[in-house]
Every structure is written in structure tokens, then in C-alpha cells.
Amino acid sequence: MTSRATPETAEDLRANLAGSLWMIGAMAAFAVEDALIKGASDTLPVGQILMVFGGGGAIVFAALARLSGQALYSPDVLSRPMRVRALFEVAGRLFYALAIVLTPLSAATVILQATPLVVVAGAALVFGERVGWRRWGAILVGLAGVIVILQPGTESFSPLSILALIGMIGFAGRDLASRAAPVSLGTHVLGTYGFLAVLVAGVIVALWESAAFQRPGPVAAACLGLAVLAGVAAYGSLMKAMRTGAVAAVTPFRYTRLLFGTALGIAIFGEELTLAMALGSGMIVLSGLFILWRGRQVAGGV
């Protein structure tokens with residue numbers, strides 16, 4: 001006899017389905033954001049792009065915070081986890097933005113997928129979370145996938161691909177710091193300071209480039225405006241996903257960003273998916289999915 005799901009189980013399934021759809025939407029929006037930033041870089045300096053993008057996103061999230069009654073400033077904003085989070089956010093945004101501008105979008109997107117692996121390793125090393133030999137093995141396999149993509153020591157290796165690697169490490173550090181961030185800070189407040197970090201990254205790039213700012217043409221202006229909207233939608237959808245479904249059920253759909261980013265890189269920028277990228281991305285995704293599965297097994301006492 002087949003047992004019927006209880007109302008609670010059915011409700012959980014609906015929540016996980018909704019959370020998964022929010023996650024897929026977030027990853028699609030992130031991929032669109034990346035493509036728009038890369039498109040704007042054809043005519044505008046990278047520093048200018050990041051400053052406009054970061055400032056625009058910060059204004060939108062600040063407005064949303066005020067409308068929802070969230071205070072934009074409190075002593076918790078200057079707490080140690082938030083200061084660490086800001087530093088990693090600047091580093092992640094700075095180097096990943098340079099990566100999507102200077103290297104193929106598909107390659108940068110694939111390397112970014114190793115972020116959850118680094119987060120798990122960091123949680124074990126920094127927060128003392130238990131990670132068994134199976135998950136450590138999966139982490140090493142995933143990181144080996146990154147090396148397969150980079151292909152160091154071969155003619156195919158490009159030093160610029162290191163930008164995506166540093167950006168990925170920055171995002172992993174941000175995610176780890178977010179776990180220690182005060183719970184009093186709402187999503188819109190975190191979004192505001194996250195985009196302000198992008199603005200700071202833009203200032204750093206602008207000082208390094210020493211390039212004169214330019215008046216955006218219609219196409220570049222449209223790219224920047226749509227990038228801000230896509231970035232805000234992506235961040236909001238990601239938070240909605242993580243708060244709607246179970247983390248273990250929703251998190252695997254983060255890897256759909258790989259599909260969206262690769263598809264946009266091929267369709268819009270004429271990029272090619274090499275054998276090394278396909279093999280490396282497979283190693284990264286399978287490692288990440290195994291870590292999630294094993295985490296559920298450990299949590300269940302298996």
C-alpha cells in the first residue's frame with residue numbers, strides 16, 4: 001500500500017518547488033546581468049560601469065529598505081563580520097567584473113560555480129564545521145575541475161583567467177562572512193551595502209585605469225539600466241529562494257547559472273565551449289551535488 005503524503009509534507013514539497021523556481025530565476029538574472037555588463041564594456045570604461053551599476057543598485061535597495069521600514073544604519077553595520085564581508089565583496093566584484101569583461105563570459109561563469117566548494121571548505125576551517133573525508137575528497141575533485149578549465153602550463157592558459165578565480169574566492173569569503181553577519185540586518189539593507197561595495201570596486205578600477213569617463217550611448221545606457229534591474233531582481237530572488245524552500249533542496253539549482261551563462265556567451269558573444277571547460281564544469285557540478293547530498297546524509301545520521 002502506498003502511503004499518502006501528509007499535508008505538512010505536501011506543503012514542504014510546494015515550498016521546495018517554489019524555492020527552486022526562485023533560485024532558477026535568480027541564476028538567470030545573474031547571467032543576464034553579467035552579459036549586460038560585458039556588453040556595456042564595449043564602449044565604456046570598466047570603472048565607470050561598476051560605479052554606475054553599484055550606485056544604481058544601492059539606490060534601489062535603499063529605497064526598498066526605507067519603504068519596508070528597515071533602518072539603513074545601525075551599529076551592527078560596522079560589526080566585524082560586516083567589515084570582513086565588505087572587503088570580500090569588493091574583491092569578488094572587482095575581479096569577477098574584470099573577468100567577465102576581459103575573458104569569455106562562459107569561462108568566468110564556469111569557474112564561479114566552484115564557490116560553494118570553497119564555502120564548505122572555509123566553513124570547516126573557519127567555523128569548525130564537521131566535513132568528513134568524502135566531502136573533502138569531493139572538494140578536491142571540484143578544485144581539480146577548476147585547474148582543468150584554467151589549463152596552467154599549456155598554450156591554452158591565459159593569465160587573465162586568474163581574475164575569475166580570485167573573484168570566486170572573494171564571493172566565497174563574502175558568503176562565509178554573511179553567515180556570521182548580525183541577523184538584525186534585513187535583505188534590503190544587505191543589498192544596499194553589497195551594491196555600495198560594487199561602487200567602491202568601481203572607484204578602485206577607475207583609479208587604476210585612469211580612463212576618462214564617457215557619456216553612454218543609447219545601447220550602453222540601456223545595458224547599464226537593465227543590468228541594475230537584473231542585479232536587484234537576482235539578489236532579491238536569491239534571498240527569496242533561500243527563505244522559501246529547504247536549503248538542501250534549493251541550493252543545487254545554483255548550478256543553472258552555468259547553463260544560462262554559457263548559453264549567453266555562445267549566443268551573444270560567439271564563444272565556444274571547449275572540451276576542457278565541459279570536463280572541468282562537470283567535475284565542479286558533480287562535486288557540489290555530492291557535497292550537498294552527503295551533507296543531508298550526515299544531518300540525517302547516515
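Author: Let us begin with burial: a residue counts as buried when its relative accessible area is under 20%, as exposed when it is over 50%, and as partly exposed in between. The model is a predicted one, and in it tyrosine 235 has 11% relative accessibility and therefore counts as buried. Phenylalanine 61, at 1% relative accessibility, counts as buried too.

Reader: How many aromatic pairs does a search of the whole structure find, and how is such a pair described?

Author: A pair of aromatic rings is described by the distance of the centres and the angle of the planes. The search of the whole structure finds five aromatic pairs. In one of them, phenylalanine 61 and tyrosine 235 are edge-to-face, with 5.4 Å from centre to centre and 75 degrees between the planes. Because phenylalanine 61 lies in helix H2 and tyrosine 235 in helix H9 (residues 218-244), this pair ties together parts that are 174 residues apart in sequence. The rings of phenylalanine 290 and tryptophan 293 have centres 5.7 Å apart and planes at 40 degrees, so that pair is tilted. Both of these residues, phenylalanine 290 and tryptophan 293, lie in helix H12 (residues 275-299), three residues apart, which is about one turn of the helix.

Reader: Which residues form one aromatic cluster, and which charged end sits over the ring of phenylalanine 195?

Author: The cluster is formed by Phe53, Phe61, Phe195 and Tyr235. Over the ring of phenylalanine 195 sits the charged end of arginine 93, 5.7 Å from the ring centre. Elsewhere, lysine 38 lies over the face of phenylalanine 269, at 5.6 Å from the centre of that ring.

Reader: What volume does the second largest pocket have, and which residues lie nearest its centre?

Author: Rolling a probe the size of a water molecule over the atoms shows where empty space is left. The second largest pocket has a volume of about 300 Å³. Its lining consists of 17 residues, and those nearest the centre are Pro104, Ala107, Ile149, Ser156 and Met277. Two or more lining residues come from each of helix H4 (105-112) and helix H6 (133-150), and H4 gives the largest share, four residues. Sorted by class, the lining holds eight nonpolar, seven polar and two charged residues.

Conventions. Residues numbered from 1 in each chain as written. Predicted model: local features only at pLDDT ≥ 70, side-chain atom pairs only at ≥ 80, totals over all residues. Heavy atoms only, no water. 1 Å grid on protein atoms, 1.4 Å probe; cavity = no way out; pocket = protein on both sides within 12 Å on 5 of 7 lines; lining within 4 Å. Points joined across faces, edges and corners; volume = space filled by probe spheres on them. Nonpolar A, V, L, I, M, F, W, Y, C, P; charged D, E, K, R; others polar. Phe/Tyr/Trp six-rings, centres within 6.5 Å; stacked < 30°, edge-to-face > 60°. Buried < 20%, exposed > 50% of the residue type's maximum accessible area, 1.4 Å probe, protein only. Lys NZ or Arg CZ within 6 Å of the ring centre and 35° of its normal.
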